[in-house]
Amino acid sequence: DGGEAERATSAASGVMEYAWSPDGARIAYTAYEPESPEETLRRKERRDMVVRDTAFRYAHLYSVDIGGETGRNSRRLTAGAFHVTGFDWMPDGSALVFSRQATPSADVWMTSDLAIVAADSGTIRPLVTRKGADLSPCCSPDGKWVAFMSDGGEEKWGLYYYHTLTVVPSNGGEPRELTPGPMCAPGRVIGWSSDSREVYILATTRTVRRVYAVPLAGGEPRMITSGSGTDSDPSLGGSGAVLAHVRQSSETPPEIFLTSIRESSPRKLTDLSGRFPRLPMGRTEVIAWKSKDGLEIEGLLTYPVGYEKGRRYPLALYIHGGPMGVFSETYTGAGSSYPIQAFAQEGYALLRPNPRGSSGYGKDFALANYVDWGYGDYEDAMSGVDRAITMGVAHPDSLCVLGWSYGGYMTAMTITRTKRFKAAIVGAGVTNLMSFTGTSDIHSFIPDYMGGEYWDRTATWRKHSPMSNIKGVSTPTLVLHGEEDVRVPLSQGEELHNALKRQGCATEMVVYPRMGHGITEPKFILDIGERHLEWCNRHLRGISSNTAAQRGAQ
């Protein structure tokens, strides 16, 4: 109703996630444990050395009463050697169901279990304890069920985005999977119908995301959001009758829509981009092709602005990260380190393939790149390039390849396998599987994908590692990396850059201070986008624009 804001919490480390209690009298939240007085003293005296894998600071559950004196009656609900990753209130407010994993480490995401904690006493009761990842709990309105996402105990990194919708009785029992086979890559539980008969989820199916209602009793899911475009950020109305969500398409920017749960009729609520001029855009379409082994692959092809049929254009092959990521039909004019429409305005066609290993195409597809990095997925991408050439869109002698993270790995691997590309840009790419595993924060990642440890499968690791195949590479390669990246450490980019330089291959490396695995500062994002275009123009067209380089020197 207005008035001055009041501070509700005083967690020293700040609040991570929060949620109102059903009666609105309390807020539950997660926060990292505060530093102990001894730890504070050690840090001030410069005696704060750390023994790895022992000095964890866990996130735990807290609640605070709202009303009266701000911050009064704040209480801690959970304690112990575990890390809380998500939670939801039981409908009567007497307890919360939460997910927890062994440590805060990104490497142990496959250890998540579910438990219930009493909101008054803090007494904890285990709910789901089994192998694998069980996470993102959501309670039914009648209090009888908890819906959550699960990998079913398979413990595969390739299923990171392919958790299945599962339910369990809130008083304990055997978990039951709800999502039928045809449904792909459920993203998260949104909520329940008011009668507790349906669970609402956001799911990726091929190149679009939709909201579905999944019957608790079993059966085919019902699509709630339909029509053109892809959906995100869903929020269920308090009555459970309507859903607010963001919708966008390749040609239209994100706006907020309202959809009736029963009628599936999205209604646009905002026109946030209406007052901005619409620049000319290249159209985007979903195309499909057969890979070398016959596997069907999809991708998004963006045409140059002013495309003329019969004329061939330079093509940029942009490969996504993950490898379990997926390119979907999102707005191509959005600001990004990979400015799709800026490429289109420069006269490029841009292909974004979803090779084997991508989410959204089924479990078998998601696991199809195991012990196959840089080979089957490489053929998927190359077949996509061939498809763009046979369509008459791409010029076979004017190709560049680029990508970030796994896309950077694929770019590095590509230049060791072919010389068809005139330019390459490796962003935060894995280049040496062995040294990556020894320095990354996810040291179980590659052993899972490669079917065993380096010392047991040395030949396999070397076969799939760009640095083991780097001799003779001649493709001009730009290397981009965040200085503080712990997911793909800076040394991965340095290994590639130095090896290329020592062979006389044209190469440059740009390091972004303060940045981790993702680039977040706006001026750096702009710089990366400009460098992408400048590097491709220089080596495909002989056009040199020193804008980014000059700004870096200044």
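1. Let's start with Leu317: beyond its neighbours within four places in sequence, Leu317 is in contact (heavy atoms within 4.5 Å) with Leu351, Pro353, Ala381, Met382, Val385, Cys400, Val401, Leu402 and Phe421. A word on what you're looking at: this is a predicted model, where local features need pLDDT of at least 70 and side-chain atom pairs count only at pLDDT 80 or more, while totals for chains, interfaces and linings use all residues. Residues are numbered from 1 along each chain as its sequence is written, and side-chain values use heavy atoms, with hydrogens and water left out.

2. Leu317 is also among the residues with the most contacts inside the largest nonpolar core, alongside Leu315, Trp373 and Phe445; that core has 57 residues. A nonpolar core here is a set of buried Ala, Val, Leu, Ile, Met, Phe, Trp, Tyr and Cys residues joined through side-chain atoms within 4.5 Å. Buried means under 20% relative accessible area, with a 1.4 Å probe and protein chains only.

3. Now for Asn354, which has its place in strand E24 (residues 349-354); strands are DSSP runs of E, at least two residues, numbered from the N terminus. Asn354 is buried, at a relative accessible area of 0%. Its side chain reaches the backbone nitrogen of Phe327 at 2.8 Å. Past the residues within four places in sequence, the contacts of Asn354 include Thr207, Glu298, His320 and Tyr361.

4. Phe327 turns up again with Arg352, which lies over the face of the Phe327 ring at 5.6 Å from the ring centre. The rule asks for NZ of Lys or CZ of Arg within 6 Å of the ring centre and within 35 degrees of the ring normal. Likewise, the charged end of Arg283 sits over the ring of Tyr303, 4.0 Å from its centre.

5. Strand E14 (residues 198-205) has seven of its eight residues buried, and pairs with strand E15 (residues 208-215) in the antiparallel sense over eight bridges; pairing takes at least two DSSP bridges. Ala203 stands opposite Arg210 in E15. Two residues lie between the strands, and Arg206 takes a positive phi near 60 degrees.

6. Another sheet to look for is an open one of four strands, in the order E17-E18-E19-E20, with antiparallel pairing. Its edge strands are E17 (230-236) and E20 (267-268), each pairing on one side only. Six bridges join E18 (residues 242-248) to E19 (residues 255-260), and Leu243 stands opposite Thr259 in E19.

Key. Buried means under 20% relative accessible area, exposed over 50%, partly exposed in between (1.4 Å probe, protein chains only). A polar contact is a pair of N or O atoms within 3.5 Å; within protein, one must be able to donate a hydrogen and the other to accept it, and residues adjacent in sequence count only if both atoms are side-chain atoms.
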